[in-house]
Amino acid sequence: MEQLIRKIKGMVHLKAYRKQRDDLYFITVEKAQLEMILSHLKKNEGFTHLAFLQAVDFIEDSRFQLTYMLYNYETGVNLGVLVLIDRDKPEMNSIHKLWAHGWQYQRELHELYGIDFPGSPRVHESFVLEGWEEMPPMRRDFDTLEYSERTFFQRPGRSTNDPKEYMKEKMYKNYAASPRIRRDDE
Amino acid sequence: MNKKHIDDIEKQMKLANEGLPECERCLFSDDRPSSVEAFNKYYEGFLNWARSRSLWMLAFGTGCGATELRPLMTSRFDMARFGIFPRPTPRQASVFVVGGYASIKTIKRIIRSYEQMQGPKYVIALGSCTINGGMYYDSYNTINRLDYYIPVDVYIAGCMPRPEALIAGFNRLKEKIRAGECEGMNEYTEKFDWYKENQKQIIKDWNMPDYNW
Amino acid sequence: MSNLSKSKYRGFEADRSKYPVEEEGKPVIDLESHKFTKIWQGPQHPGVTGNMAVELIINGDEIVDAKAHMGYLHRSFEKLMERRRYIQCFPIVCRICVPEPDTNEYCVSAAMEDLAGITVPEKAMWLRTLNLEMSRVGSFLMWIGGQAGSLGMGAISQWTVGMRDYWLDLFEEMTGGRVYHMYMIPGGVRKNLPDGFKDRARRLIVKTRRLMQDIDNTFLSNAIIKSRLQGLGVISPEMVDEYGIVGPNARASGREYDIRMNNPYVCYDNLDIKMITATEGDAYARAQVRYRELNQSLDLVAQILDRIPEEGAIQAEMPNLLHWKIPQGQTYVKAESTRGEHGFYMVSDGSEKPRRVFARGASYTHAISVLEKLAVNVSVSDLAGLMVSLHTCPPEIER
């Protein structure tokens, strides 16, 4: 695996590399070089199985992180290829030519995150939502509780507690001095 | 209420058949639903007794509550003992078991299926998520209470309710039918505009006729 | 009737010359020509698995185009988990796949342990293995019922779903819950085994084996079942990589990929376990693979029961879970469910709530792109059997 990472380093600009477990590695590459590295990994290095393609919203940095999780059947290693793209104008190259089920993930990301994949088949079709008018719901700045309260009718009598506050008040009063409770942040 | 607002409501409440091409208009009834009067006390009592003895259930697994319907249908709990039997189509069914949370896409189909069922018809709602949203109270895609969209006769609490709880719920429904308290169908016709308004508030692409009997 | 004795389902001839115009490999179908009919199978239909829909365009009995529609069960678990503390994720995470919730619990707790660097005690590992394997048995039993029921053999679903209920009783003893268990929590499991559990489990294994013999006689050896399933929905070995097919569907096409052996987790590397594969790749091969895996799972449960250590902790030393902060990082944890690779991708930003959790449902591709490809040239009456033989599970696809 170290050998492979060295090889990739020679090919593309490797922004970051991390070993999570013996069978799980993450590499971060440039947006423009992604398609090349994916097709190289698929054709020459045996990473033939695309487990998933997903996005993570880093709203503070105004970036989306796309994760392409590959798997090699021979060595049994998972390799996550990460790409950071701009959050304000999210657009990415489509991988539907490399994997026949890639369009499914791209359709999902287009609907739930608003990331566009030009050229991907059926990418503008709806996947799970029907007649959605708000912003893409999986973005961090979409408040699902507020939307739910605004749209659906609440039945009165429901109360919600933050467990931390609630337990502190109800249960820890007598146990505050107890050595069994370890508090990391207090 | 200003005039524009009234116009808007009238526009919303117009017959959806108006948008359809001429050849398809005859497929959907233009009539608004109407209430069914009860017969005289003794005959209606006999009918209610008979209705409670043969509840045919619509086999539409709308949520995860449908998992517990399968043990109920099969050999261990065997709901055929109680005169309950699954039917594949709404036209033959008299009980609609809404199995748990209903997402917006599903509630549209629930309403269509409910309207296609022939009266008398009853609704059992399973699980906490149909009562007040349950653990999905803050989800943007699941409704919080079902009785704003279709009339519900019996709620069964729990996540998910055990088959024994379902049997108890069905028995409660039978008692209510025998006592003549299950008037959900008439309630739906009487408060029809209110129900439609609530339904249209969440179903954004309303591309179906207002009612299909 | 000579075709029946040969018992090779051929489907319809894949002659595309009837539909002359092609775009991107697909025939362009003119609905106005009155040669084709568009029908919907689902969501209100007894022949679909769970709550999904397939939009079919048929010519006579033959399906010429299929389109899977999802989203009827979308509850946005991933969004909800971003709003909850780590320990609060557990009640909702098991709802992602209804017939087999334990894989979800295992994956989420293992992902948290991986990120936080917690080692689980050995006995808890064995109890997790037992729980996972029992849930596989339950899910397979339900699948046999579904496959038989979709081909019109209702009696077998009466047997197997009834038998699954006794397994649910065992779960109830072990965890307190019938369908949703919430048994595995970060750092270990919640409870020890109750007294006499092992004997009752062993008796149930014997009972289930007897049922398996009956199923072999009536279902897998049945000439009608064979003639309907053989040759139906063939997945070629090339398709496995192309479409990301996993689990028994891939193993029936000869791909040796079982996470319990390729990337052993919990205690699977201590167990006597063998890869089960077939080469035909059709629905009947998949049924056989699943049947043999069910037998193997029963074996494994028996092995685990013999080897669970009597003494030992079931919980690691944990910080207070209500204030638990997980260090920054990301991980991907997977486990073998009955449908294949079930994985969780978790990103933590160092706060009390996860930044992102993604559940990779095992049948994500099976139910959409694979089904859309395999359904073409199949008779409408076989579509239900095809869907069940892919073991699609809608709630884990749309989450």
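In this predicted model, helices H6(C) and H7(C) are roughly antiparallel to each other, because their axes cross at roughly 165° and angles over 145 degrees count as roughly antiparallel. H6 of chain C covers residues 154-175 and H7 of chain C covers residues 197-220, and the two axes come within 11 Å. The crossing in which H6(C) passes H7(C) is left-handed. On the H6(C) side, the residues that meet H7(C) include Ile156(C), Trp159(C), Met163(C), Tyr166(C), Trp167(C) and Leu170(C), while H7(C) contributes, among others, Phe197(C), Arg200(C), Leu204(C), Leu211(C), Ile215(C) and Phe219(C). Sorted by class, this contact of H6(C) with H7(C) holds 13 nonpolar, two polar and two charged residues.

At the level of domains, the assignment for chain C gives domain 1, spanning 13-69, and domain 2, spanning 77-398. The C-alpha centres of these two domains of chain C are 32 Å apart, and the contact between them joins 19 residues of domain 1 to 20 residues of domain 2. On the side of domain 1 of chain C that touches domain 2, the elements giving two or more residues are strand S4 (53-59) and strand S5 (62-69) of chain C, and S5(C) provides the largest share, with seven residues. That side of domain 1 of chain C divides by class into ten nonpolar, five polar and four charged residues.

Between chains, the contact takes 37 residues from chain A and 36 residues from chain C. On the side of chain A that touches chain C, at least two residues each are supplied by strands S1 (14-21), S2 (24-29), S3 (49-58), S4 (63-72) and S5 (77-86), and by helix H5 (163-170), of chain A. The largest share of that side, six residues, belongs to S3(A), and by class the side of chain A that touches chain C has 18 nonpolar, eleven polar and eight charged residues.

Is Ala362(C) buried or exposed? Ala362(C) lies in the loop between strand S10 (356-360) and helix H13 (366-374) of chain C, and it counts as buried because it has 30 C-beta neighbours inside 10 Å, where 20 or more are required. Leaving aside residues up to four places away in sequence, Ala362(C) touches Val246(C), Gly247(C), Ser337(C), Arg339(C), Gly340(C), Glu341(C), His342(C) and Glu396(C). Met174(C), one of the H6(C) residues that meet H7(C), is 188 residues from Ala362(C) in sequence and 26 Å from Ala362(C) in space, C-alpha to C-alpha.

Conventions
Residues numbered from 1 in each chain as written. Chains lettered and ligands numbered in written order. Predicted model: local features only at pLDDT ≥ 70, side-chain atom pairs only at ≥ 80, totals over all residues. Axes fitted to C-alpha atoms, helices over the stretch in contact; angles between N-to-C directions. Helix = DSSP H or I, 4+ residues; strand = E, 2+ residues; numbered from the N terminus. Parallel < 35°, antiparallel > 145°, perpendicular 65-115°, else oblique. Left-handed = near helix turned anticlockwise from the far one by under 90°. Contact = placed C-beta atoms within 7 Å. Nonpolar A, V, L, I, M, F, W, Y, C, P; charged D, E, K, R; others polar. Domains from an automatic or database assignment. Buried ≥ 20, exposed ≤ 12 C-beta atoms within 10 Å, placed from the backbone.
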